[in-house]
Amino acid sequence: ELKVDFRAAKGTNSGVFLRTAPVVGKDDVTTKCYELNIAPPENPFPTGSFVGRKKAEEVADSREWQTFHVTLVGGKAKVDLNGKTVLEYTDEKPIGRGYIGLQLNEGQCEFKNIKLKPLGLTALNNGKDLTGWKYTEGSKSKFVAENGEINVKDGRGSLESEASFGDFVLQWECISHAKELNSGIFFRCIPGEITNGYECQIHNGYLDGDRNKPKDFGTGGIYRRIKARKVVSNDLEWFHQTLVADGANIACWVNGYPVTMWTDDRAPNKNPREGLRTEAGTLQLQGHDPTTNLSFRNIRGVELAK
């Protein structure tokens with residue numbers, strides 16, 4: 001689900017490419033992407049249309065800020081323009097994964113408030129017990145599920161998902177019950193081994209009063225690989241994280257803010273501590289040390305379609 005505001009000058013031909021390949025030519029818009037057009041009414045595919053596929057319902061031409069709200073699930077697409085549905089389209093041979101591209105053919109166009117929302121996520125914790133999860137052998141941490149949350153105290157240890165994930169979207173909420181505690185969610189883990197995976201770090205500390213200087217890689221950073229570019233979250237407050245793993249590409253948002261975009265260019269290795277692992281593995285909630293006291297809730301995930 002995508003929302004984006006745009007403003008186009010008179011005569012502009014621009015658009016938003018959906019599920020696009022990195023390079024798309026004029027002849028590829030019906031095979032390698034969905035081109036959501038921004039164009040004047042006299043264009044064969046005016047604003048809101050899928051170029052080469054379906055013309056949108058006509059709307060008044062405007063030089064003001066406008067809003068696209070696009071929902072794309074499998075081969076089914078719906079486009080709202082300024083709150084009105086202008087296009088519904090079904091592709092019998094839907095395009096798989098791809099980029100979102102801001103396109104310009106001619107004229108002038110501005111974009112702002114670009115927001116994405118993943119769809120199809122399912123709950124991975126029920127908040128009542130630890131169904132779907134298990135203690136990793138040798139774990140010293142204590143995990144308790146109640147009031148919709150999973151609380152972890154003490155460490156070193158981890159709670160491991162029974163399900164495995166390779167390429168996925170994962171979302172959760174977390175709270176650190178004291179200042180600058182250390183935890184994380186590990187992913188693509190070697191099953192049965194404590195925190196042998198990539199680590200999406202949880203640590204809300206920062207240096208010199210500057211949120212652009214995270215301590216210990218910062219919340220949303222990939223530990224030992226790349227620091228978060230900014231510490232967005234606070235201790236003693238619930239915060240929200242989104243993690244996307246797509247092949248070698250890993251990205252994390254904290255409270256909707258993109259803090260990490262990283263590509264693992266190391267040689268392949270079964271152990272993510274040693275190299276690139278794209279093979280599916282378990283998720284693990286980390287108990288870092290005896291001071292650990294954090295809670296997680298609303299853990300949801302979905303495996304990405306090919």
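Reader: Which backbone oxygen does the side chain of Thr12 reach?
Author: This is a predicted model, and in it the side chain of Thr12 comes to 2.8 Å from the backbone oxygen of Gln108.

Reader: And where is Thr12 found, between which strands?
Author: Thr12 belongs to the loop that links strand S1 (2–8) with strand S2 (13–20).

Reader: Is Thr12 buried or exposed there?
Author: Thr12 has a relative accessible area of 2%, and because the cut-off for buried is under 20%, Thr12 counts as buried.

Reader: What does Thr12 touch, leaving out residues up to four places away in sequence?
Author: On that basis Thr12 touches Ile38, Ala39 and Pro40, and also Leu104, Glu106, Gly107, Gln108 and Cys109.

Reader: Ok, changing topic: which residues touch the most other members in the largest nonpolar core?
Author: That core has 34 residues, and the ones touching the most other members are Leu170, Trp172, Phe187, Leu243, Leu285, Phe296 and Ile299. Strand S14 (residues 168–176) gives the largest share of this core, with four residues.

Reader: What is Leu170 in contact with, neighbours within four places aside?
Author: Leu170 is in contact with Leu124, Ile185, Gln241, Thr242, Leu243, Leu283, Ile299, Arg300 and Gly301. There is also a second, separate core of 22 residues, with Phe6, Ala8, Ala56 and Tyr89 among them.

Reader: Now the open space: what volume does the largest pocket have, and which residues are closest to its centre?
Author: The volume of the largest pocket is about 1900 Å³, and of the 44 residues lining this pocket, Ile100, Leu116, Val169, Val244 and Leu304 are the closest to its centre. Sorted by class, the lining of the largest pocket comprises 25 nonpolar, ten polar and nine charged residues.

Reader: How many cavities of 30 Å³ or more turn up in the whole structure?
Author: The search finds one cavity of that size, and the largest cavity holds about 160 Å³ of space. Its lining has 20 residues, with Ala39, Pro40, Pro41, Thr47 and Asp61 nearest the centre; Ala39 and Pro40 are also among the residues that Thr12 touches.

Reader: Finally, how many helices and strands does the protein chain have?
Author: The protein chain has zero helices and 21 strands, and of its 306 residues, 49% are buried. Along the principal axes, the C-alpha trace spans about 70 × 40 × 40 Å.

Key
Residues are numbered from 1 along each chain as its sequence is written. This is a predicted model: local features need pLDDT of at least 70, side-chain atom pairs count only at pLDDT 80 or more; totals for chains, interfaces and linings use all residues. Side-chain values use heavy atoms; hydrogens and water are left out. Helices (H or I, at least four residues) and strands (E, at least two) are DSSP runs, numbered from the N terminus. Buried means under 20% relative accessible area, exposed over 50%, partly exposed in between (1.4 Å probe, protein chains only). A polar contact is a pair of N or O atoms within 3.5 Å; within protein, one must be able to donate a hydrogen and the other to accept it, and residues adjacent in sequence count only if both atoms are side-chain atoms. Contact means heavy atoms within 4.5 Å. A nonpolar core is a set of buried Ala, Val, Leu, Ile, Met, Phe, Trp, Tyr and Cys residues joined through side-chain atoms within 4.5 Å. On a 1 Å grid over the protein atoms alone, a cavity is a set of points where a 1.4 Å probe fits but cannot get out, and a pocket is an open set with protein on both sides within 12 Å along at least five of seven lines; lining residues have an atom within 4 Å of a point. Grid points are joined across faces, edges and corners, and a volume is the space filled by probe spheres set on the points. Ala, Val, Leu, Ile, Met, Phe, Trp, Tyr, Cys and Pro count as nonpolar, Asp, Glu, Lys and Arg as charged, and the others, Gly among them, as polar.
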